[in-house]
Every structure is written in structure tokens, then in C-alpha cells.
Amino acid sequence: MTARPIRLMLVDDHPLVRDGLRARLEAVPGLQVVAEADCADTAVALAQSASPDLVLMDIGLRGANGIEATRRLRAVLPALRVVVLSMHDNAATVREALRAGAVGY
């Protein structure tokens with residue numbers, strides 16, 4: 001019996017980054033990219049319809065940032081896991097993302 005793949009949603013405002021992540025992650029057995037978003041509003045709407053298991057979230061989105069997007073996603077889908085994938089490495093940003101509901105940074 002084959003296990004169900006982990007369903008991923010990518011949230012980043014740069015199409016090139018999303019393309020690279022999707023290409024790399026789809027090559028991994030057991031992972032399936034089911035949605036992509038470039039902003040918080042789109043991420044919340046798509047997450048509700050695509051039902052991902054995990055979101056890879058960028059911090060630097062246009063409009064509401066990735067921390068706010070994480071907060072909003074977790075408010076409507078409390079079981080959803082969000083991992084922040086970012087070049088920002090200061091401790092305050094990491095703490096803020098975790099307080100917003102991210103499970104990893």
C-alpha cells in the first residue's frame with residue numbers, strides 16, 4: 001500500500017523562486033505541490049480549497065507579510081502546518097513567525 005503524498009502549498013511573491021521550489025520538491029517521492037500563491041489573500045483562499053498538509057511560506061510578501069499570512073492561515077485552518085522558508089535570520093523574526101503559528105523556520 002502506498003502512503004498518501006504530503007500535499008504542499010508554496011507561498012512566495014517571486015515566480016522564479018516558486019518555480020525552482022516546485023521543480024525540486026516535485027522530484028521528491030511522497031511530495032506533491034497542490035497550490036502556489038504570491039500573497040496572503042491568495043494563500044488563504046487557495047489553502048481552503050486545495051487542502052495542503054504543509055505550507056512553505058516566505059516572509060517578504062507584498063501586502064500582508066508571511067507572518068501575517070501564517071497567522072491568517074492558522075486562524076482558518078488550525079491543523080495546517082506552516083514552515084517559514086526565508087533568508088531573514090534574526091531571532092526576533094523567528095520568534096514572531098513561531099508565535100504566529102509556524103512550526104518551523
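## Overall dimensions

The radius of gyration is taken here over C-alpha atoms, and the globule rule is 2.2 Å times the number of residues to the power 0.38. For 105 residues, a compact globule would have a radius of gyration near 13 Å, and the protein chain agrees because its own value is 13 Å. The C-alpha trace spans about 45 × 30 × 25 Å along its principal axes.

The structure is a predicted model, in which local features need pLDDT of at least 70, side-chain atom pairs count only at pLDDT 80 or more, and totals for chains, interfaces and linings use all residues. Residues are numbered from 1 along each chain as its sequence is written, and side-chain values use heavy atoms, with hydrogens and water left out.

## Order of elements

The protein chain holds 4 helices and 4 strands; helices (H or I, at least four residues) and strands (E, at least two) are DSSP runs, numbered from the N terminus. Starting at the N terminus, the elements follow the order β-α-β-α-β-α-β-α.

Contact denotes heavy atoms within 4.5 Å. Of the contacts between residues at least 6 apart in sequence, 64% join residues at least 24 apart.

## Surface and charge

Accessible areas come from the Shrake-Rupley method with a 1.4 Å probe, and for residues only the protein chains shown count as cover. The accessible surface of the protein chain is about 5,900 Å², and 56% of it belongs to carbon and sulfur atoms. A residue is buried under 20% relative accessible area, exposed over 50%, and partly exposed in between (1.4 Å probe, protein chains only). Of the 105 residues, 36% are buried.

For charge, Lys and Arg count as positive and Asp and Glu as negative, while His and the chain ends are not counted. Each charge is placed at NZ of Lys, CZ of Arg, CG of Asp or CD of Glu. The protein chain has 12 positive and 12 negative side chains, with the centres of the two sets 6 Å apart.

## The nonpolar core

A nonpolar core is a set of buried Ala, Val, Leu, Ile, Met, Phe, Trp, Tyr and Cys residues joined through side-chain atoms within 4.5 Å. The largest such core has 16 residues, of which Met-9, Val-11, Val-55, Met-57, Leu-73, Leu-80 and Val-82 touch the most other members. At least two residues of this core come from each of β1 (6–11), β2 (31–37), α2 (40–50), β3 (54–57) and α3 (66–76). The largest share, 5 residues, is supplied by α2.

With residues up to four places away in sequence not counted, Leu-80 touches Ala-47, Pro-52, Asp-53, Leu-54, Val-55, Leu-73 and Arg-74.

## Residues in loops

Ser-51 belongs to the loop between α2 and β3. Its phi is near 50 degrees, a positive value in a residue other than glycine. Ser-51 counts as partly exposed because its relative accessibility is 44%.

Pro-29 is placed in the loop between α1 (15–26) and β2, and is exposed, with a relative accessible area of 77%. The C-alpha atoms of Pro-29 and Ile-6 are separated by 9.4 Å, although these residues are 23 residues apart along the chain.

Asp-89 lies in the loop between β4 (81–84) and α4. Its relative accessible area is 69%, so Asp-89 is exposed. Asp-89 and Tyr-105 are 16 residues apart in sequence and 9.1 Å apart in space, C-alpha to C-alpha.

Thr-93 is found in helix α4 (residues 91–100) and counts as buried, at 14% relative accessibility. Its neighbours within four places in sequence left aside, Thr-93 is in contact with Ile-59, Ile-67, His-88 and Tyr-105.
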